[in-house]
There are 2 protein chains.
Amino acid sequence: MGRSYAVVGTGAIGGFYGSLLQKIGLEVHFLLHRDYEHVQKHGLAISSINGDFTLPQVNAYNDVKDMPRCDVVLIALKTTQNHLLPDLLPPLIKQGTVVITLQNGLGIEPEIASVVGEDIEILGGLCFICSNKISPGKIHHIDYGQIQLAAYGTDGKPQGITTAMRQIAADFEQAGIPIQMEENLMLTRWKKLVWNIPFNGLSVVLNAKTDAIMADLHGRKMAEQLMREVVAAAFGCGLKIDESFIQKRLEDTVKMKPYLTSMKLDYDFHLPMEIEAIFGNPMRAAQQVGVPVPQITMLYQQLKFLEAIGNNASC
Amino acid sequence: MGRSYAVVGTGAIGGFYGSLLQKIGLEVHFLLHRDYEHVQKHGLAISSINGDFTLPQVNAYNDVKDMPRCDVVLIALKTTQNHLLPDLLPPLIKQGTVVITLQNGLGIEPEIASVVGEDIEILGGLCFICSNKISPGKIHHIDYGQIQLAAYGTDGKPQGITTAMRQIAADFEQAGIPIQMEENLMLTRWKKLVWNIPFNGLSVVLNAKTDAIMADLHGRKMAEQLMREVVAAAFGCGLKIDESFIQKRLEDTVKMKPYLTSMKLDYDFHLPMEIEAIFGNPMRAAQQVGVPVPQITMLYQQLKFLEAIGNNASC
């Protein structure tokens, strides 16, 4: 009997990964909100670069109290919804449950730990994926898909590769999801921020895709400077990211297809942006260890301003 | 016989001040470009909070070679046109001519000095005025109007109040233009930048008026931080601006009518922005004296990016 999975937040990320797990025969329970009725009736449909498929029947819920406690809980809400976790998580958890957050940014796992307690294993799952929900129950997987998995320790220290991590990674791999197991969660998270901070922020403030930012002399300089601040902040937190990593990420970005970041999509669709998880928490972490991050700070403030004003002004 | 004035650039600034000088009977010669034919035929019309008036006949030129050499040359081009000065200034200058630049930003006077030579007195005229050219030859003076006059010294040192400055100030005062004579040009210029850098820059990048920036917590913080960097840069250049000046400028801005900065108007009308004079030159001055100005630098880069991309993307 395979592991049972609860998917909290059945959108572009949770719907995609959860569907792949169900497709190989695992028991998956999907929590939905707006799309509940549609998915309850019609299931989920995935159009993916790896092949299209539909799941006409899924276990759909609109109330966590109707869901069974599961072996694994995948959190795929936007971090702007994390104030709901104290209501959503406890009914899904039993002894031995592993909670995986598939969310972006910093400071997520401590928040989860404060809800589920120290006896529950928490993994960070960093998703490198391009996917969109195009209509209720319909997800378009455009590119990539890898997840980096790393274990959270309440002391913030590296936990190495755990048994639960290996088992869950095996499920994902069987479902066709490439998994990279990482020993150091915080290092993995900061490394992802090296890209996310410049490109999510600048894409919104400058109304630009990744290729336009990289093609412009000043755009590229800004990205590089912001990356340096992220690396300096990480170093202040005891995490060494090599200089070559910055150059590699810049070069990778040049080679990428022109890309609208998730934050830019949120902004354009008038949805809440994940400003605190991706900018606010890293900024405060840097401040706590006395590392100046003036450009991250200004980008954070610009995003907060744009969110407060509403983005009507830009049209 | 009164002093003769040449106005180089007959727009919202040059057209307004030049008209007031002609109105009190002084000899004024206006250099025009696009509006030459209209103004040659119909003169200039000023609608001002201080009273409307028209000058049906003005000395209008579209070639500086047709103009007489004058006692005073007022430069009221945009700084983005200053590459034209080597052609425009020499034909207007004789022994004893005083050149006044009514332009914004830093590094203007040395550029003029390199064109006209060290024997010609150069004054900086910092305009505190709201005025727009609304159609060819028609200028709308909305508010304010004061000019701060200060003398340029090739050594960058304060020159005090000069005789020429007093005489020209008397002409302006007689024409109804409030003049404040300043002893220290560089200090006066940096003080103006304390306001111009945050509000010109943020108004473009955030698509916002002054009141919206000041009403938002993060907008106000950004303005204050940028002001602090300007003050630090000035201090690095040996110029002391008091902390209270920052608070005063912030409070003044709250009390102002909601205001679209000149840079924002340029951006919206797809005209070149004065990025180098207002941002680039102060940034480089700070770098030369080793004062870090990371937030001014990022704002500069954002403006350069937006200008390079064109602002079509924002619509």
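This is a predicted model: local features need pLDDT of at least 70, side-chain atom pairs count only at pLDDT 80 or more; totals for chains, interfaces and linings use all residues.

**Entry: two helices in chain A.** I started with who touches whom. On the H8(A) side I found Gln225(A), Leu226(A), Glu229(A) and Val230(A), and they meet Pro294(A), Gln295(A), Ile296(A) and Leu299(A) of H12(A). I sorted the residues of this contact by class and got 5 nonpolar, 2 polar and 1 charged.

Next I wanted the geometry. Two packed helices get described by the angle between their axes and by how far apart those axes are. For helix H8 (residues 217-236) of chain A and helix H12 (residues 294-309) of chain A, the angle is about 110° and the axes are 8 Å apart. Angles of 65 to 115 degrees count as roughly perpendicular, so that is the word for how H8(A) sits relative to H12(A).

**Entry: a charged pair.** Side chains of opposite charge can pair when their charged atoms come close. I searched the whole structure and got 28 salt bridges over all chains. I picked one of them: Glu243(A) and Arg228(A) join through their side chains, at 2.7 Å from N to O. Which helices does this pair tie together? Glu243(A) belongs to helix H9 (residues 243-255) of chain A and Arg228(A) to helix H8 of chain A, so the bridge links parts that are 15 residues apart in sequence.

**Entry: where chain B meets chain A.** I counted 30 residues of chain B in contact with 30 residues of chain A. The size of an interface is often given as the accessible area lost when the parts come together. Here the two chains bury about 2400 Å² between them, and 67% of that is on carbon and sulfur atoms. On chain B's side, Met298(B), Gln301(B) and Phe305(B) supply 28% of the area buried against chain A, more than any other three residues.

How many salt bridges cross this interface? I got 0 between chain B and chain A, but I did find 5 residue pairs in polar contact across it.

Which element of chain B gives the largest share of the side that touches chain A? That's H12(B), with 13 residues. By class, chain B's side has 18 nonpolar, 9 polar and 3 charged residues.

Methods: Residues are numbered from 1 along each chain as its sequence is written. Chains are lettered from A and ligands numbered from 1 in the order in which they are written. Side-chain values use heavy atoms; hydrogens and water are left out. Contact means heavy atoms within 4.5 Å. Buried area is the accessible area (1.4 Å probe) that two parts lose on being put together, summed over both. A salt bridge is a side-chain nitrogen of Lys or Arg within 4 Å of a carboxyl oxygen of Asp or Glu. A polar contact is a pair of N or O atoms within 3.5 Å; within protein, one must be able to donate a hydrogen and the other to accept it, and residues adjacent in sequence count only if both atoms are side-chain atoms. Helices (H or I, at least four residues) and strands (E, at least two) are DSSP runs, numbered from the N terminus. Ala, Val, Leu, Ile, Met, Phe, Trp, Tyr, Cys and Pro count as nonpolar, Asp, Glu, Lys and Arg as charged, and the others, Gly among them, as polar. Axes are lines fitted to C-alpha atoms, for helices over the stretch in contact, and angles run from 0 to 180 degrees between N-to-C directions. Angles under 35 degrees count as roughly parallel, over 145 as roughly antiparallel, 65 to 115 as roughly perpendicular and the rest as oblique.
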